[in-house]
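Below are some notes for a colleague who is going through the coordinates with care. They move from the chain as a whole to individual residues.

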Amino acid sequence: MKEILFFQPVNDFTGSSRVLSNIIQEEYSNIPVSVITLDRQGFLSELTNVSILPIYFPTIKGKSIPILSNLIRRLHICYLIIRHGLQHKKFYVNTIVPYYGAVAAKLLNKELTYHIHEYFIEKTPCIKRAEFVFNHIKSKRIFVSNYLKKCYKERSDSPYLIKYNALPKSYINRVKYKPLEHRKRNNIIMLTSLLKEKGIVNFILVAQLLPQFNFTLIISNTIECINRFISESEINILPQNLKILPAQANIHPFFEESDLLLNLSNPQFCIETFGMTILEAMPYGIPAIVPNIGGPIELITNGYNGYCIDVTNTDEIKNKIQEILTNKTLYNKMSLNSLEQYKIFKN
């Protein structure tokens, strides 16, 4: 019998896929593992010991077919679980979303682990179902931050662990730290999903307000979807100092040239429960400006290695960027503190 079957919503270049990829590299690299997921090009594709069991989701011209697409997806998930589930000892549900993995674990009497990355403010019917299943099925629970653990009810029969996301050795080995004397302090980066609540529009607005700096926005989606999103937003003209890029398998070259990281997730709609890109920037000595609520405040100490602020206020974002990047002494201190924070954090 095989050891473990993973359930991941989508194999792509977003944070949850990266975290699962890191877990497999660090804890399961010596055994073959299987992942039931919507299969796109993503971090899991790079792992030689991973067999992806793709969920079929039919589309027409890149768009889902009302009712039919989701019906076929659910039927195919059932088929994959029946075909492959019995062959595995343990089920590992990554994020709260693929709750069907937890239901299958209950029905098939499998040992279940939940790795929770998110807490949803907007309770859609799908999220309500996912949270109901999570709250009513016995499991081992792994939370990525203390903040996130407090968002969910405890179960006496479900032990929990606070386990901060970590960077794998394969990532750390590729980090090239740029000495402070070589930094121009004019390059700002944000890596995010293609969601309005992630602060994409605010990032563009701040770039317009600060033409003296260079802004790079990496969005984990295709350029076609990004262009559609931009055209439907309230942004009429993109500033010349802004570069927008689709999903990148290798983010190291971008961090090597960056001086400051932004995370602008709007807490009114989406509270960051950790902030993987914040951690990825730390070994490069990159300070960050992040929301003042949620998981990021466990990574960024306000005034030490960055700022925790109201990221819905573009004027405040602009002022903090100027404060960090125009003050060499302050910037150097925050950069070195970012390195120190990472050393403490990883231990």
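1. In this predicted model, the chain is built from 12 helices and 15 strands. Its radius of gyration is 21 Å, close to the 20 Å that the globule rule gives for 347 residues, and the chain is therefore as compact as a globular protein of that length. The C-alpha trace spans about 60 × 45 × 35 Å along its principal axes.

2. In one of them, Phe6 and Tyr28, the ring centres are 5.6 Å apart and the planes stand at 80 degrees, which is over the 60 degrees required, so the pair is edge-to-face. This pair links distant parts of the chain, since Phe6 belongs to strand E1 (residues 2–11) while Tyr28 sits in the loop between helix H1 (15–27) and strand E2 (33–39), 22 residues apart. Phe6 has a relative accessibility of 0% and counts as buried; Tyr28, at 16%, also counts as buried, because the cut-off is under 20%.

3. A further pair is formed by Phe7 and Phe91, whose ring centres are 5.3 Å apart and whose planes are at 55 degrees, so this pair is tilted. Phe7 lies in strand E1 and Phe91 in strand E6 (residues 88–94), so the pair ties together parts that are 84 residues apart in sequence. Both Phe7 and Phe91 are buried.

4. Ring pairs also link a cluster, which consists of Tyr114, Tyr119, Phe134, Phe143, Tyr152 and Tyr160.

5. Which residues does Ile321 touch, not counting residues up to four places away in sequence? They are Ile188, Val206, Leu210, Phe213, Phe215, Leu260, Leu262 and Ile289. Ile321 itself is found in helix H11 (residues 314–325), and with a relative accessible area of 0% it is buried. Ile321 and Glu27, by comparison, are 294 residues apart in sequence and 38 Å apart in space, taken from C-alpha to C-alpha.

6. Two backbone angles may be worth a look during review. Most residues other than glycine have a negative phi. Ile67, however, has a phi near 70 degrees, a positive value in a residue other than glycine. Ile67 is placed in the loop between strand E5 (63–64) and helix H2 (68–84), and at 73% relative accessibility it counts as exposed, because this value is over 50%.

7. Thr95 likewise is not a glycine and yet has a positive phi, of about 80 degrees. Is Thr95 buried or exposed? At 3% relative accessibility, Thr95 counts as buried, and its place is in the loop between E6 and helix H3 (99–108). The two residues can thus be set side by side: Ile67 is exposed, whereas Thr95 is buried.

Note on methods. Residues are numbered from 1 along each chain as its sequence is written. This is a predicted model: local features need pLDDT of at least 70, side-chain atom pairs count only at pLDDT 80 or more; totals for chains, interfaces and linings use all residues. Side-chain values use heavy atoms; hydrogens and water are left out. Helices (H or I, at least four residues) and strands (E, at least two) are DSSP runs, numbered from the N terminus. The radius of gyration is taken over C-alpha atoms; the globule rule is 2.2 Å times the number of residues to the power 0.38. Rings of Phe, Tyr and Trp (its six-membered ring) pair if their centres lie within 6.5 Å; planes under 30 degrees apart count as stacked, over 60 as edge-to-face and the rest as tilted. Buried means under 20% relative accessible area, exposed over 50%, partly exposed in between (1.4 Å probe, protein chains only). Contact means heavy atoms within 4.5 Å.
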